[in-house]
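Please look at the sequence and the model below, and then follow the paragraphs from the surface of the chain to its pocket and its loop.

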Amino acid sequence: MQLEWLGKYRQVVGSIVRFGNAYANSARYEHSYSTDTKFTPSEIHVLEYVLEHEEETVNMAGIAEMIGISKAALSKNVKKMVEKGLLEKYKAEGNRKNIILRVSEYGRQAYEEYTRFAYDIAFQRLFEKLKDIPDEYLDKFTEIMNCAAELTAKNKDPDKPQKLIKIE
């Protein structure tokens, strides 16, 4: 049966779903990525975000929102990453609530090793396919993927208590 309601976008939606499922499957496991430390993809995203925003004092809730994971998931990742020596936690003087994250020197080294590995194994091939696409199309594709991520995130609310319905 052809799913008519998807129309000409069936292939695009199918690719987004396939990517989402592949990523979700991969995100469950830690990988060494040619480093001494094993990471989950979410941990790598946390490292990237903190590195890119190290001049700012973005709190953990802000980081969770920007990378698209729950505050609880971020907190769990941060705890593991501090134990691995990848991140350091700080509090701003006079504010005991907001925790500010910084990447440790070891975290920076591990991230550098990861980027070399990731580029060679995956991103070089991806960038090769993207290089001939005009910037405005890349911008539009980014909008589409952000929209798909937002719609996916709206389907779950981890802070909302789950209502149970009796089956029998």
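The chain exposes about 13,300 Å², of which carbon and sulfur atoms supply 53%; accessible areas come from the Shrake-Rupley method with a 1.4 Å probe, and for residues only the protein chains shown count as cover. This is a predicted model, in which local features need pLDDT of at least 70 and side-chain atom pairs count only at pLDDT 80 or more, while totals for chains, interfaces and linings use all residues. Residues are numbered from 1 along each chain as its sequence is written, and side-chain values use heavy atoms, with hydrogens and water left out.

Of the 168 residues in the chain, 21% are buried (under 20% relative accessible area, whereas exposed means over 50% and partly exposed lies in between, with a 1.4 Å probe and protein chains only). The secondary structure comes to six helices and two strands, in the order α-α-α-α-β-β-α-α from the N terminus on; helices (H or I, at least four residues) and strands (E, at least two) are DSSP runs, numbered from the N terminus.

Helix α1, residues 10–27, gives the most to the lining of the second largest pocket, namely four residues, and the whole lining consists of Tyr9, Val12, Val13, Ile16, Val17 and Ile144.

In the loop between α1 and α2 lies Tyr33, which has a positive phi of about 50° although it is not a glycine. Ser34 is found in the loop between α1 and α2, and its phi, near 70°, is a positive value in a residue other than glycine. Tyr33 counts as buried because its relative accessibility is 14%, whereas Ser34, with a relative accessible area of 53%, is exposed.

Key
On a 1 Å grid over the protein atoms alone, a cavity is a set of points where a 1.4 Å probe fits but cannot get out, and a pocket is an open set with protein on both sides within 12 Å along at least five of seven lines; lining residues have an atom within 4 Å of a point.
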